[in-house]
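Here is a friendly briefing to read alongside the sequence and the model. Have both to hand as you go through the points below.

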Amino acid sequence: MTHGPREAGRISDLNVGDLLVRDDIGTVEVTRLEKQADGLITVHYKLNGSPGELRDRWPSTHARFHRALRSANISTDNESRHAPSAAPPQRMADRAVNQYQRAFHAWPILTATAAARDTIPYGDLARRMGLHHRTVGYFLGPIQEYCLEEKLPPLTILVVGKYDRRPGAGFRAWDVANPEDGLKLVWGYAWQNRFNPFAFAADGSTPEDLSERLIAQPDEAENIYARVRDRGYAQVVFRLALLRAYNSRCAFCGLSLNVALQAAHIVPWRVATPAQRMDPSNGLLLCSTHHSLFDAGILSVGLDRKVRCHPPRHGSVRAWNSTDHQIASALHQCTIQEPKEMRLRPSDEALMYRQRTAPASE
Ligand SMILES: [Zn+2]
């Protein structure tokens, strides 16, 4: 992951199979690269499926390809071939395509389709977005995930094959044998009352970009929260930031298995200010078990940054089995593992709030 302004790539960084995508152009696929005797490179490509080629001293007829390269941050300046090599090039597809940004553009089209109690063929959706129809599946992914995660009706069920009027192969948000009930739910839902959950990507930002900003400038937490707004994605960005801050390890036990690591709020989300909802100093990266025990008040963190174990009032540590002890009471008085950077560590203010409002387990 690069930090700060991205280094420009070069024609010589291109690989066969790279996909450059720009909403107003379509999809450019690099099909062949040929180094010429004079050192220049001829790039063979397909622009939305039609073949073309250019040398890196290109004619203006290739202006569209040129623009696609520029938006992928590939320098179109011949001289840059001789510039000192920058960071290793990322795969073009990673760099050029932001599926969240496309989801941002697709969301209003889909919700309007729902309001009209209609469906929309893949090809039509692609055309309205200026894209190749084969790209649709990729940006429907985040929308489908979002609806599943937020327990919303399966919005992506509206995107159907032109002839069979059924959702495509990637669709798994509803029983495909019975699309009618799913359609009814989607059509009956008041989508106009929800703001676009992908608004954070309107300018091309990804959750990764925002989490990097959060780590670099924790003071920006409130602004970043205002950008994200949607609770689901705020949580995604917050977690990514804490994964960086805590070097992907549970602050209590050191577990580093990514799938089990979660972002815990010290001042809980529902009472947190906008800044506290995003500020790494109001967070702890915890494994899912320790997150649950922290939220239940069975484990807490003192101002000395040591874990305290508080058995439930009506239970007794004596009733705990050996695993309970290993996971919970053995941590009593252990010092938590904090981020290296001071400003990313849990703040006294947040820890004191938590102590004052601890659940009744003490
Ligand atoms: Zn843990």
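How many helices and strands does the secondary structure of the protein come to? The answer is 13 helices and 10 strands, where helices (H or I, at least four residues) and strands (E, at least two) are DSSP runs numbered from the N terminus. This is a predicted model, in which local features need pLDDT of at least 70 and side-chain atom pairs count only at pLDDT 80 or more, while totals for chains, interfaces and linings use all residues. Residues are numbered from 1 along each chain as its sequence is written.

**The protein overall**
- Of the 362 residues, 36% are buried (20 or more other C-beta atoms within 10 Å of the residue's own, with C-beta atoms placed from the backbone).
- Among contacts between residues at least 6 apart in sequence, 63% join residues at least 24 apart; a contact has the two C-beta atoms, placed from the backbone, within 7 Å.

**Helix α7 against α9**
- Helix α7 (residues 207–216) and helix α9 (residues 231–245) pack at about 55 degrees with axes 8 Å apart; axes are lines fitted to C-alpha atoms, for helices over the stretch in contact, and angles run from 0 to 180 degrees between N-to-C directions.
- The two helices are therefore oblique to each other (angles under 35 degrees count as roughly parallel, over 145 as roughly antiparallel, 65 to 115 as roughly perpendicular and the rest as oblique).
- Residues of α7 in this contact include Leu 210 and Leu 214, and those of α9 include Val 237 and Ala 241.
- By class, the contact of α7 with α9 has 10 nonpolar, 1 polar and 2 charged residues (Ala, Val, Leu, Ile, Met, Phe, Trp, Tyr, Cys and Pro are nonpolar, Asp, Glu, Lys and Arg charged, and the others, Gly among them, polar).

**Helix α7 against α8**
- The axes of α7 and α8 come within 10 Å and cross at roughly 165 degrees, which makes α7 roughly antiparallel to α8.
- Leu 210, Arg 213 and Leu 214 of α7 meet Ala 221, Ile 224, Arg 227 and Val 228 of α8.

**Around α9**
- Buried residues of α9 include Tyr 233, Phe 238 and Leu 242.
- The buried residues of α9 pack against α7, α8, β7 (261–265), α10 (274–278) and β8 (283–287).
- Just after α9, Asn 247 has a positive phi of about 50 degrees.

**The loop between α7 and α8**
- Asp 219 lies in this loop and is exposed, with 10 other C-beta atoms within 10 Å (exposed means 12 or fewer).
- Asp 219 and Ala 275 are 56 residues apart in sequence, yet their C-alpha atoms are 8.3 Å apart in space.
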